[in-house]
Amino acid sequence: MTTVNGTHTFNSLPLPMSCFHTKRMCILLLGLLLIPTTLTSAFNFQPTSQSNKKATTLPKLDPQNPERYIPPSTYSSTKLYPPTDTLVRAGPLPFLIRLVQSDKYEQAVLKYMYDSKTSDLKNAQGNMDWFFKAPDVWVEQKMLEQQGKREVYDYGKDPEPLRLVLSLVWASCVAGLGGRVAWQLIHGNRNLF
């Protein structure tokens with residue numbers, strides 16, 4: 001920055017002296033506007049509706065039966081994703097558990113939400129789908145995630161479209177082969193293929 005005839009130049013651009021006063025005022029006003037937001041984020045001030053919202057979205061233990069969980073006030077069984085999504089995401093075993101033992105399934109989802117302190121219903125449901133699919137693999141994954149040896153996997157994310165297409169192709173091949181075998185057996189043919 002150099003001064004020529006009372007005008008400051010910055011990288012060969014002339015700037016009048018009043019420009020610096022305007023910039024100082026803008027910086028001062030910006031600083032004054034940022035102080036309240038900085039203080040509220042530093043001391044974690046939150047409106048009461050948000051802090052109460054988080055508290056009411058977690059399930060609670062049932063005082064009469066400590067093995068059961070009381071769903072939060074915002075919970076309804078219609079907010080769970082449909083059983084067909086369970087079938088696509090995790091396979092037939094969690095799908096059957098969800099259809100035949102729906103109370104066990106919902107209590108497992110609520111227990112996961114309570115234990116992990118998460119209000120994300122989709123994530124809790126995805127975790128329980130994978131738990132019912134292969135409990136040993138799911139427990140190993142969670143243990144390695146806690147130790148920092150594996151990346152945290154989001155079980156609540158939607159499946160990739162390519163996976164859906166491949167699953168449909170595989171299911172149609174298996175159904176076609178099974179249908180062929182059943183047809184041959186019904187008609188008394190010993191040659192199954």
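Tutor: Helices (H or I, at least four residues) and strands (E, at least two) are DSSP runs, numbered from the N terminus. This is a predicted model: local features need pLDDT of at least 70, side-chain atom pairs count only at pLDDT 80 or more, and totals for chains, interfaces and linings use all residues. Residues are numbered from 1 along each chain as its sequence is written, and side-chain values use heavy atoms, with hydrogens and water left out.

Student: In what order do the elements of the protein run from the N terminus on?

Tutor: The protein has eight helices and five strands. From the N terminus on, their order is β-β-β-α-α-β-β-α-α-α-α-α-α.

Student: What percentage of the residues in the protein is buried?

Tutor: Buried means under 20% relative accessible area, exposed over 50%, and partly exposed in between, with a 1.4 Å probe and protein chains only. Of the 193 residues in the protein, the buried share is 23%.

Student: Which residues of helix α4 are buried, and which exposed residues does the face turned away from them carry?

Tutor: Helix α4 spans residues 92-100, and its buried residues are P94, F95, I97 and R98. Seen down the axis, these fall within an arc of 165°, so they line one face of the helix; the arc is that of the directions from the helix axis to the C-beta atoms. The face turned away from the buried side of α4 carries the exposed residues P92 and V100.

Student: How are α3 and α4 oriented to each other?

Tutor: Axes are lines fitted to C-alpha atoms, for helices over the stretch in contact, and angles run from 0 to 180 degrees between N-to-C directions. Angles under 35 degrees count as roughly parallel, over 145 as roughly antiparallel, 65 to 115 as roughly perpendicular and the rest as oblique. α3 and α4 pack at about 155°, with their axes 7 Å apart. The two helices are therefore roughly antiparallel.

Student: Which residues of α6 and helix α7 make their contact?

Tutor: Contact means heavy atoms within 4.5 Å. The axes of α6 and α7 (residues 135-147) are 5 Å apart, at an angle of about 130°, and that makes α6 oblique to α7. From α6 come N127, M128, W130, F131, F132 and K133, and from α7 come P135, W138, V139 and K142.

Student: Is N127 buried or exposed?

Tutor: N127 lies in helix α6. Not counting residues up to four places away in sequence, N127 touches Y112, W138, K142 and Y155. Its relative accessibility is 1%, so N127 is buried.

Student: Which residues does N123 contact, leaving aside its neighbours within four places in sequence?

Tutor: N123 is also found in helix α6. At 17% relative accessibility, N123 counts as buried. Its contacts, with those neighbours left aside, are D154, Y155 and G156.

Student: What kind of aromatic pair do Y153 and Y155 form?

Tutor: Rings of Phe, Tyr and Trp (its six-membered ring) pair if their centres lie within 6.5 Å; planes under 30 degrees apart count as stacked, over 60 as edge-to-face and the rest as tilted. The whole structure holds seven aromatic pairs. Y153 is partly exposed at 36% relative accessibility, whereas Y155 is buried at 8%. Their rings lie 4.7 Å centre to centre with 75° between the planes, and the pair is edge-to-face.

Student: Which residues form one aromatic cluster?

Tutor: Look beyond the tyrosine pair. The cluster consists of Y105, Y112, F131, F132 and W138.
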